[in-house]
Amino acid sequence: MKKYDVTALGELLIDFTENGESGQGNPLFEANPGGAPCNVLAMLSKLGHKTAFVGKVGNDFFGRQLKAAITEAGIDPAYLRMDEQVHTTLAMVHTYPDGDRDFSFYRNPGADMMLTENEIPEELIKDSKIFHFGTLSMTHEGVRAATKKAVSLAEEAGAIISFDPNLRPPLWNDLEDAKEQVLYGLEHCHILKISDNEIQWLTGKSDYTEGVEWINKRYHIPLILVSMGKQGSRAYYDGTVVEAAPFLQENTIETTGAGDTFCGCILHYICGLGISGLTENNLKDMLTFANAAASLVTTRKGALRVMPDREEVEELLRARG
């Protein structure tokens, strides 16, 4: 038995999300803890899993806020490094009327980029059932090497490896480099969570199933999840395609963290069932639960500190019938 259910590596940052206007008509921003890997872990912690995070923040006001936030969320903070020279990464999130978002990053450099190979906790990685990562920890050479070392350790330890590209074009000097790192992730993962726009960008296919076929001709990934926003989600597994309808909320505020919530719920099911011998019913239940949880987080500002608990998700599922 491994001590940790899921360990994730990557960015932990502050998402400044719009929250009204001041009396002078200036936009007000709320400093929400964020970063996709920790959002995923926060959802898993809400569902009762033991989680840990590997990453780096600045030893500044925001870094200390983030350490407190992940601790409060039930994520083990022992492997979070604090950088004395480089400040915590910040992201300004502009929300459009339909809830979609645009990002501006203050990360040149940011502390999350400063993680090095010798700061990877080998014993933690080896003691984790699932290892999860994305591409924001692969935008620059040093942290890229650290990420690849962690992936290699996870492979050696027989962990299930989960990958979410979470493409943020403004953070890449060259999108061809981004594509190369995404392909690295595909080569090394057992679970791929990819969004509709990412699969179209990567494969050049407008049809998602054709996009998955493009991936699987090159990389044999056991479980591929395609999140399709307002169209719901799909699972591709062992020649089977299962689709689940979305839960559309009338009071959606923003979509920040929805994909991470979805991903956390998928990993919750894999923690319980493993990745072998999944049935269509397993996949349908997994997608439906994940869609419901993701819809709930769209009604809240931020993500990491406002993940739904199991009872909230189950109540929504009962209401759907």
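Student: Let's start with G74. Which residues does G74 touch, leaving out those up to four places away in sequence?
Tutor: G74 touches S45 and T51. Keep in mind that this is a predicted model.

Student: Where is G74 placed?
Tutor: G74 is in the loop between helix 2 (61-72) and strand 5 (75-76). With a relative accessibility of 46%, G74 counts as partly exposed.

Student: And how far is G74 from Q85 in space?
Tutor: Their C-alpha atoms are 28 Å apart, while in sequence the two are eleven residues apart.

Student: Ok, new topic. What about the core, which residues have the most contacts inside the largest one?
Tutor: Those are L12, L223, I266 and I270, in a nonpolar core of 56 residues. Helix 9 gives the largest share of this core, ten residues.

Student: What does L12 touch?
Tutor: Not counting residues up to four places away in sequence, L12 touches G34, C38, F53, V57, L66, I70, L80, T88 and L304. There is also a second, separate core of 41 residues, and A52, A154, W214 and V226 are among its members.

Student: Back to helix 9. How many of its residues are buried?
Tutor: 13 of the 18 residues of helix 9 are buried, so the helix is largely enclosed by the rest of the structure.

Student: What span should helix 9 have, and how far apart are its ends?
Tutor: Helix 9 covers residues 280-297, and at 1.5 Å a residue its 18 residues should span 26 Å. The end C-alpha atoms are 26 Å apart, which agrees.

Student: Which residues of helix 4 are buried?
Tutor: V143, R144, A146, T147, A150, V151, L153 and A154. A154 also came up as part of the second core.

Student: What covers them?
Tutor: The cover of these buried residues includes strand 1 (4-9), helix 3 (122-126), strand 9 (128-134), strand 10 (160-164) and helix 5 (175-188). Just after helix 4 comes G158, with a positive phi of about 75°.

Student: Which residues other than glycine have a positive phi?
Tutor: N166 is one of them, with phi near 45°. D238 is another example, with phi of about 50°.

Student: Where do they sit?
Tutor: N166 lies in the loop between strand 10 and helix 5. D238 lies in the loop between strand 13 (233-237) and strand 14 (240-244).

Student: Now cavities. How many are there of 30 Å³ or more?
Tutor: One. The largest cavity holds about 70 Å³ of space.

Student: What lines it?
Tutor: The lining of the largest cavity is E11, A36, P37, V40, H132, F133, G134, T135, L136, D164, N166 and D260. By class, five of these are nonpolar, four polar and three charged. Helix 1 (36-46) and strand 9 each supply at least two of the lining residues.

Student: Last one. Which peptide bond is cis?
Tutor: The bond from N108 to P109 is cis, with omega near 0°. P109 is in the loop between strand 8 (101-106) and helix 3.

Terms used:
Residues are numbered from 1 along each chain as its sequence is written. This is a predicted model: local features need pLDDT of at least 70, side-chain atom pairs count only at pLDDT 80 or more; totals for chains, interfaces and linings use all residues. Side-chain values use heavy atoms; hydrogens and water are left out. Helices (H or I, at least four residues) and strands (E, at least two) are DSSP runs, numbered from the N terminus. The expected span of a helix is 1.5 Å times one less than its number of residues. Buried means under 20% relative accessible area, exposed over 50%, partly exposed in between (1.4 Å probe, protein chains only). A nonpolar core is a set of buried Ala, Val, Leu, Ile, Met, Phe, Trp, Tyr and Cys residues joined through side-chain atoms within 4.5 Å. Contact means heavy atoms within 4.5 Å. On a 1 Å grid over the protein atoms alone, a cavity is a set of points where a 1.4 Å probe fits but cannot get out, and a pocket is an open set with protein on both sides within 12 Å along at least five of seven lines; lining residues have an atom within 4 Å of a point. Grid points are joined across faces, edges and corners, and a volume is the space filled by probe spheres set on the points. Ala, Val, Leu, Ile, Met, Phe, Trp, Tyr, Cys and Pro count as nonpolar, Asp, Glu, Lys and Arg as charged, and the others, Gly among them, as polar.
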